[in-house]
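Welcome, and please open your viewer. We will take this one stop at a time, with something to select at each.

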Amino acid sequence: MRARYGVPLSIAAAGAAGLVYAAGFEARSFRLRRVTIPVLPTGMRPLRVLQVSDIHMVGGQRKKQRWLRSLAGLRPDLVINTGDNLSDPEGIPEVLDALGPLMEFPGAYVFGSNDYYGPKLRNPARYLFEKAQGRHGLNGNAPVVGAIHNPWEDLRDGFDAAGWLNLTNTRGTLKIEGASIELTGLDDPHIKRDRYAQVAGGPSTGADFSMALVHAPYLRVLDAFTADGYPLVLAGHTHGGQLCLPFYGAFVTNCDLDTDRVKGLSTHRAEGRTSYLHVSAGCGTNRYTPVRFACPPEATLLTLVGREQGRE
């Protein structure tokens, strides 16, 4: 009996232990990454940008709320929220409370699909099937039926009241210590709400620095931003792969971005131009898959410095 069942039982025990770790520890092991990006014009002082993404707030997530509030102690020059704040239609008050201290700083945001629609229980293996078939979100899939509609307008109103820029298929400008920072954003490509024609044309000549943001880093969007000359694009959505294999990495990105760039800093090329791309692994999960493995939840403090420092 031992010879017949010993190995399967040990595998089951290891799997159970991994699940306990992934759900009970790593999914709540919040951390801050720090990244330096040489994108600013020569002579411009460094700019400290805090990116938060994919919070996926569910009622009662007190540790996550305390951690988000604590990020205000970093005193960033600018806060960028790249969407998917919700995983609970009733979670908006807790999102606004958790982000309240950060909304004392200049900021901007774009929404993701989970800001508009509530999550549904689904087989996680579908992400692998969709990747194999080249289908993601509404890009190639059938329209969603019976979706839960979140009261996203309340979230928008809360951010707007704090003075954060709503960059839903539009541009905006912030003055930070005398510097003019232009931000160009798109609505979520994952559900085909992006309208690049409304923001096309590249950075304005009057801005000291311009960057772009979007929730899901689909290639059509990255190509457009890069071809238009934006030096930096910020995105989220991927959860860093969420369930990763140590020494291998992510299996999926939940969009058409390659897994080598599922999180962190990389570059993107289009039409002879190159942009930096930063994809946040985010700090939450869908409420129906509250696990992370080899991919802890995060926010990122991006220090933007002069381009010349990238050549040193």
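Which helix gives the most to the lining of the second largest pocket? Select residues 62-70: this is helix 2, and it gives three residues to that lining, the most of any element. Keep in mind as you look that the model is predicted.

**Around the second largest pocket**

The space inside is about 250 Å³.

**On to the largest pocket**

Now select R122, Y127, H190, N254 and N286. These are the closest to the centre of the largest pocket, out of 38 lining residues, and the pocket holds about 1200 Å³ of space. Next, highlight helix 4 (113-116), strand 5 (117-118) and helix 5 (126-133), the elements that each give two or more residues to this lining. Helix 5 has the largest share, with four residues. By class, the lining here has 18 nonpolar, 15 polar and five charged residues.

**Last stop: confidence**

Colour the chain by pLDDT. The average is 91, and 92% of the residues score at least 70. Then select residues 1-7, where pLDDT is below 50 and the model has one contact beyond near neighbours in sequence. Residues 9-17 also stay under 50, with zero contacts beyond four places in sequence. Where pLDDT is low, the predicted coordinates should not be read in detail.

Key. Residues numbered from 1 in each chain as written. Predicted model: local features only at pLDDT ≥ 70, side-chain atom pairs only at ≥ 80, totals over all residues. Heavy atoms only, no water. 1 Å grid on protein atoms, 1.4 Å probe; cavity = no way out; pocket = protein on both sides within 12 Å on 5 of 7 lines; lining within 4 Å. Points joined across faces, edges and corners; volume = space filled by probe spheres on them. Nonpolar A, V, L, I, M, F, W, Y, C, P; charged D, E, K, R; others polar. pLDDT = per-residue confidence, 0-100. Contact = heavy atoms within 4.5 Å.
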